Amino acid sequence: MGKAEADRAGGNGFPPGSGPFAGSGEAGKGAENSGVVRPERRFQDDDRDLSLRPRTLGEFLGQDAMKKNLSVFIAAARERNESLDHLFLIGPPGLGKTTLAQVVANELGTDLTMTSAPALDKPKDLVGILTKLKENDVFFIDEIHRLKPAIEEMLYIAMEDYELDWVIGQGPGARTLRIAIPRFTLVGATTKAGNVASPLISRFGISCRFSFYEQADMEAIVRRSAKILRVSIDDVAASLLAASSRGTPRVVNRLLRRMRDFAQVEKAPSITREVVVQGLKRLEIDSLGLEKHDREILAVIINRFNGGPVGAETLAISVGEAVDTLEDYYEPYLIQSGLLQRTPRGRMATSLAYEHLQSGRKAGGGASLF
Ligand SMILES: Nc1ncnc2c1ncn2[C@@H]1O[C@H](COP(=O)(O)OP(=O)(O)OP(=O)(O)O)[C@@H](O)[C@H]1O
Ligand SMILES: [Mg+2]
């Protein structure tokens with residue numbers, strides 16, 4: 001299955017009626033219409049991102065420790081002319097898991113087949129893919145925490161023994177056939193490592209945990225993307241944009257595009273600090289890179305639950321989100337920024353959250369806008 005086909009099969013990676021904004025009613029619609037930039041995948045936008053997607057480890061900026069190790073493992077596998085060990089990618093949306101899978105295949109000089117767990121409905125879907133792979137190819141499964149049990153069982157044998165159990169016939173006359181498949185590298189990506197079964201995790205020889213990108217790396221990503229999009233951006237503007245993008249390359253690329261729109265319409269010769277300050281204000285993104293909904297989540301904890309602790313379910317209902325969305329898409333960055341704490345008794349707003357919302361109110365926006 002090629003990438004386009006996998007994307008169609010997997011859609012945006014969420015089945016209809018689920019996903020980040022499922023069941024979130026107005027909150028979802030609001031975000032959809034307001035042009036607000038969210039880290040999760042809108043795959044139309046990622047299609048446009050194709051030109052921005054790094055193709056080699058050299059172009060893949062940041063995540064240095066992970067990259068250093070990977071380049072050794074890749075070089076060693078190439079030297080031995082063997083498949084790279086199976087690779088497990090963990091991290092919040094938009095940090096580069098899919099990108100890294102493509103980079104790995106490129107660096108190995110092999111082909112890449114992509115799919116996502118929800119697209120693997122029947123064992124025959126998996127058999128169809130695995131039997132078409134070539135020796136040392138890379139097979140990428142996105143959202144690997146959503147595999148069906150029957151598929152997962154099959155994958156265990158495929159990963160370990162490079163064989164498949166294929167059942168022929170039905171009832172008492174059924175026979176199991178073992179089919180040998182090429183030695184391949186499975187790259188599994190997830191935003192929810194906690195939901196992946198341990199027998200599956202233990203079959204991955206290499207594990208990469210993504211962290212939010214450092215400011216310097218984010219600036220380098222903005223500059224690289226601006227160059228590819230052929231738009232000029234001042235250093236101060238690049239640094240401000242990088243600081244307001246939640247340490248997430250997908251977000252910084254989207255914001256860069258929006259700033260390009262603002263600059264173009266306002267006939268600014270380049271993206272300046274002024275364009276970015278005004279642009280972020282219009283998108284209601286504050287100095288920490290929080291959007292309106294992030295601030296609403298903090299405000300609900302502070303105002304309605306006295307700062308917490310409040311359970312994830314209660315909080316999710318109060319802000320009109322699914323628990324999964326709250327946990328996968330909103331909390332990681334709020335926690336990383338020191339605004340939210342996850343405790344055994346529930347979520348708590350930190351003193352930094354109080355200060356941040358207060359400084360916003362003083363500025364008159366309900367948000368700390370520059
Ligand atoms: N290290 C990087 N350097 C430069 N750009 C990057 C890097 N990582 C990601 N990007 C950019 O960010 C975009 C989003 O990355 P990607 O789609 O790989 O994220 P993801 O982790 O797979 O997200 P999801 O969990 O939603 O699938 C890419 O299209 C790419 O342009
Ligand atoms: Mg992805």
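Helices here are DSSP runs of H or I with at least four residues, numbered from the N terminus. One of them, helix α12, spans residues 273-282 and holds Val275. Welcome to a predicted model, in which local features need pLDDT of at least 70 and side-chain atom pairs count only at pLDDT 80 or more, while totals for chains, interfaces and linings use all residues. Residues are numbered from 1 along each chain as its sequence is written, and chains are lettered from A and ligands numbered from 1 in the order in which they are written.

Let us start with Val275. It counts as buried because it has 23 C-beta neighbours inside 10 Å; the cut-off for buried is 20 or more other C-beta atoms within 10 Å, with C-beta atoms placed from the backbone. Beyond residues up to four places away in sequence, Val275 touches Ala237, Met259, Phe262, Ala263, Glu266 and Ala268, where contact needs C-beta atoms, placed from the backbone, within 7 Å.

| Pair | Apart in sequence | C-alpha to C-alpha |
|---|---|---|
| Val275 and Phe262 | 13 residues | 6.9 Å |

Just after α12, Glu284 takes a positive phi of about 60°.

Note on methods: Helix = DSSP H or I, 4+ residues; strand = E, 2+ residues; numbered from the N terminus. Buried ≥ 20, exposed ≤ 12 C-beta atoms within 10 Å, placed from the backbone. Contact = placed C-beta atoms within 7 Å.
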